[in-house]
Amino acid sequence: MSRQIDHCELQTQLTPGSEDWSTVTALSEAEWIGFAPAGCGVDQGRIIALPEDAGSALLDPDAPDRTWRLVDGEGEPLFEFLGFVDDRRPRKRGFIILGISTTPELLGLWSELQPAAT
């Protein structure tokens, strides 16, 4: 399963469970690739996106999992998940990977990607 959104903002909670969100960077070409690990039956996966500011200290692959969310231009949440920055870079230059370590909550405005014709 794959879904995408053209432009959004990546935010994180610096203090787990708080209502305060900090902006990390704007993202473009964000794509969620979901999968269910064997025997798990839970949608998980990763987000691959092009960040406006890839140098943020919050995009640290050695940091522990944190709660992230993507918001649209109006500040409405689109997607929320517990996850981590994956240091295995995709082939697309400049893109980042956010690994999802818990069931994500898709909140809307995402478009379903159609599988490529074979």
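**View 1. Serine 28 and its contacts across the chain.** Once neighbours within four places in sequence are left aside, S28 is in contact with D6, H7, A49 and L50 in this predicted model. The residue belongs to strand 2, and with a relative accessibility of 17% S28 counts as buried, since buried means under 20% relative accessible area.

**View 2. Glutamate 29, with a positive phi.** E29, although it is not a glycine, has a positive phi of about 55 degrees. Most residues other than glycine have a negative phi. E29 is placed in strand 2, which covers residues 22-35, and the residue is partly exposed, its relative accessible area being 46%.

**View 3. The whole chain, as a setting for the other close-ups.** The chain has eight strands and zero helices, and from the N terminus on its elements run β-β-β-β-β-β-β-β. Of its 118 residues, 41% count as buried, while the chain exposes about 6900 Å², of which carbon and sulfur atoms supply 47%. Among the contacts in the chain with a separation of 6 or more, 54% are accounted for by residues 24 or more positions apart.

**View 4. Two aromatic pairs around phenylalanine 79.** A search of the whole structure finds two aromatic pairs. In the pair of W32 and F79, the ring centres lie 5.8 Å apart and the planes stand at 55 degrees, so this pair is tilted. Because W32 lies in strand 2 and F79 in strand 5 (residues 77-86), the pair ties together parts that are 47 residues apart in sequence. F79 also forms an aromatic pair with F81, again described as tilted, with 5.2 Å from centre to centre and 55 degrees between the planes. Through these ring pairs W32, F79 and F81 are linked into a cluster. W32 is buried at a relative accessible area of 2%, F79 is buried at 0%, and F81 counts as buried at 2% relative accessibility.

**View 5. Arginine 3 beside tryptophan 32.** R3 and W32 are 29 residues apart in sequence, yet their C-alpha atoms are 5.2 Å apart in space. R3 lies in strand 1, which is made of residues 2-12, and at 22% relative accessibility R3 counts as partly exposed, whereas W32 is buried, with a relative accessible area of 2%.

**View 6. The largest nonpolar core.** The largest nonpolar core of the model has 19 residues, and those with the most contacts inside it are L10, I47 and F79. Two or more residues of this core are given by each of strand 1, strand 2, strand 3 (44-51), strand 4 (66-71), strand 5 and strand 6 (96-100). In soluble globular proteins, nonpolar side chains tend to be buried together. When residues up to four places away in sequence are not counted, L10 touches S22, T23, V24, T25, L27, L59, W68, R69, L70 and L98.

**View 7. Strand 4, with its two sets of side chains.** Six of the six residues of strand 4 are buried, so this strand is largely enclosed by the rest of the structure. In a regular strand the side chains alternate between the two faces of the sheet. Here R66, W68 and L70 point one way from strand 4, while T67, R69 and V71 point the other way, and all of them are buried.

**View 8. Strand 4 and its pairing partners.** Strand 4 pairs with strand 1 in the antiparallel sense over four bridges, and in strand 4 it is L70 that stands opposite L10.

Notes: Residues numbered from 1 in each chain as written. Predicted model: local features only at pLDDT ≥ 70, side-chain atom pairs only at ≥ 80, totals over all residues. Heavy atoms only, no water. Buried < 20%, exposed > 50% of the residue type's maximum accessible area, 1.4 Å probe, protein only. Phe/Tyr/Trp six-rings, centres within 6.5 Å; stacked < 30°, edge-to-face > 60°. Contact = heavy atoms within 4.5 Å. Core = buried A, V, L, I, M, F, W, Y, C linked by side-chain atoms within 4.5 Å. Areas by Shrake-Rupley, 256 points an atom, 1.4 Å probe, with all protein chains shown as cover. Pairing = 2+ DSSP bridges.
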